[in-house]
Amino acid sequence: MAKAAKSAKSARKPRNHLAEKILAKMGDAGPVVYDIEALANEFNVTPSKLRDAFEEAQQRGGTGSLSDFATVPDAYLDDAQAPRKQKITKIDSERFYSDTPLLFAGTADTHLGSEFALDNGKAKTGPTWDLYRMCEREGIPVVFHGGNWVDGHARFNQYEVKKIGVTAQIEMFINEYPYAKGVKTLFVGGDDHEGWWLQREGLDIVEYAAMKAAAGGRDDMVFLGYVEADIALIPGGKMIYNRYVASSKELQEIMQMSDEEKAKFQAENPGLDRPFPGGLQRTLDLSAHPNHAILRLKHGGGGTGYATSYQPQKIINGYESGEKAQIELLGHYHKASVDYLRNCWTVQLGTTEARTTFMNKKNIIPHVGTWMFKANQAPTGEINRFQHRFIPYHVRGFNFDPRAYGLRG
Ligand SMILES: [Fe+2]
Ligand SMILES: [Fe+2]
């Protein structure tokens, strides 16, 4: 009924022959820019008539636009007529229902050994312990740690640490770092605090910690790199990363394998070519996984920015094109934030250390707490949703009693 009325109406409308000629000229040429003067001359009509007819041709489904003033130089004609096709990553909402939710948690700047660290490995209390318990309860299998596991020691913090020396502090770290059933922690080392031992003594502290963890049977503590490491997220929930050493269980398995089994194991576990002592393989072999996203775990450097987002912005702006990750988790600044910068979900992981004397002096505020994330990955690799939960920790409680807290207290 409506269709019949519509066709009757259009039948009443006088046919514009000029519009038909323009339509025929447009053909399948696509979004071409036509010069009004040239077209008016071609059809021998006035520019105003031509403009009206052109509009009608557009309404009837013709593609193209009219340029009032520009005659497109011949040299550009190709570009104007056939705009180069760009490869655009489209978010297809269909894939929202076939994607993989990746559950993970994040923390950094634990500074175990410091008087200001809030976790107590003996009592198993504190913000990091709480995080691991929540992970166990919610089935979150991985925690990313962005560095500064321990406070290290230097002249200026020597009266604020409970343990002196690399062995004492790393053993404390391995013995007292939180754990929970079914939860694995992936670490990078900072180039400050634990990193002072590398800077000052030339000891590869990440490898040392990895060896101590393997010796202590802490298979849940996995060490990926110094300052930063890339983790490839593969649709379906798999993660590929390189690491320093195999766990004691893996070592045992490797020792008992035949040569073929060993080769197969190494192919499936990049980075474990030389299982022990380590030696880090630095590039990820993603040849079998063209669809992936990169999560970069990093310990930043430099001081506190004027604004919370300033340092993450500088880090992301500093990457060359193609070098950025899709998710970047940052330790070091003792800040908590999430920003979407140049298509990269950029997170500052917070801290579980209270405000230190140094921070007091410099008027720096720590953001104390930990994170839980849910990132959805499409079968084509892209992260199409990213959800975050921050678990804040009020160091001094909601009502601050100065007599109950402080270096003297
Ligand atoms: Fe730190
Ligand atoms: Fe740091």
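A nonpolar core, as I use the term today, is a set of buried Ala, Val, Leu, Ile, Met, Phe, Trp, Tyr and Cys residues joined through C-beta atoms within 7 Å. Keep that in mind, since I start with the cores. One caution before that: this is a predicted model.

So, the largest nonpolar core. It has 62 residues, and those that touch the most other members are Ala 209, Phe 223 and Leu 297. Which helix gives the most to this core? That is helix α9, residues 205-215, with seven residues. If you want to look at one position, take Ala 209. Setting aside neighbours within four places in sequence, Ala 209 is in contact with Ile 170, Phe 173 and Phe 223. Another core lies apart from this one; it has nine residues, including Leu 23, Leu 39, Phe 54 and Ala 57.

Now the chain overall. The protein chain has 409 residues, of which 34% count as buried. There are 13 helices and 14 strands. Taking contacts between residues at least 6 apart in sequence, 72% join residues at least 24 apart.

Next, the sheet. Six strands make an open sheet with mixed pairing, in the order β8-β7-β9-β10-β12-β11. The edges are β8, residues 238-240, and β11, residues 336-341; each has a single partner strand, so one side of each is left without a neighbour in the sheet. On average, neighbouring strands here are turned by 20° against each other, direction ignored.

Five of its seven residues are buried, so β7 is largely enclosed by the rest of the structure. On one pairing, β7 runs antiparallel to β9, residues 293-299, with six bridges between them. Within that pairing, Ala 232 has Ile 294 of β9 as its bridge partner. β7 also runs antiparallel to β8, joined by three bridges. There, Leu 233 is the bridge partner of Met 239 in β8. These two strands, β7 and β8, form a hairpin with three residues between them, and Gly 236 in the turn has a positive phi of about 110°.

Further along the sheet, β10, residues 327-331, and β12, residues 344-349, run parallel and are joined by four bridges. Leu 329 has Val 347 in β12 as its bridge partner.

That brings me to the helix on this part of the sheet. Helix α12, residues 310-317, lies across β10, β11 and β12, and runs at about 35° to β11. Which residues of α12 are buried? They are Gln 311, Pro 312, Ile 315 and Ile 316. Seen down the helix axis, the buried residues of α12 fall within an arc of 130°, so they line one face of the helix. The buried residues of α12 pack against β10, β11 and β12.

Last, confidence. The mean pLDDT of the protein chain is 85, and 84% of its residues reach 70 or more. Where does pLDDT stay under 50? One stretch is residues 1-6, for which the model has zero contacts beyond four places in sequence. Another is residues 273-279, for which the model has 16 such contacts. Where pLDDT is low, the predicted coordinates should not be read in detail.

Note on methods:
Residues numbered from 1 in each chain as written. Chains lettered and ligands numbered in written order. Predicted model: local features only at pLDDT ≥ 70, side-chain atom pairs only at ≥ 80, totals over all residues. Buried ≥ 20, exposed ≤ 12 C-beta atoms within 10 Å, placed from the backbone. Contact = placed C-beta atoms within 7 Å. Pairing = 2+ DSSP bridges. Axes fitted to C-alpha atoms, helices over the stretch in contact; angles between N-to-C directions. Arc of directions from axis to C-beta. pLDDT = per-residue confidence, 0-100.
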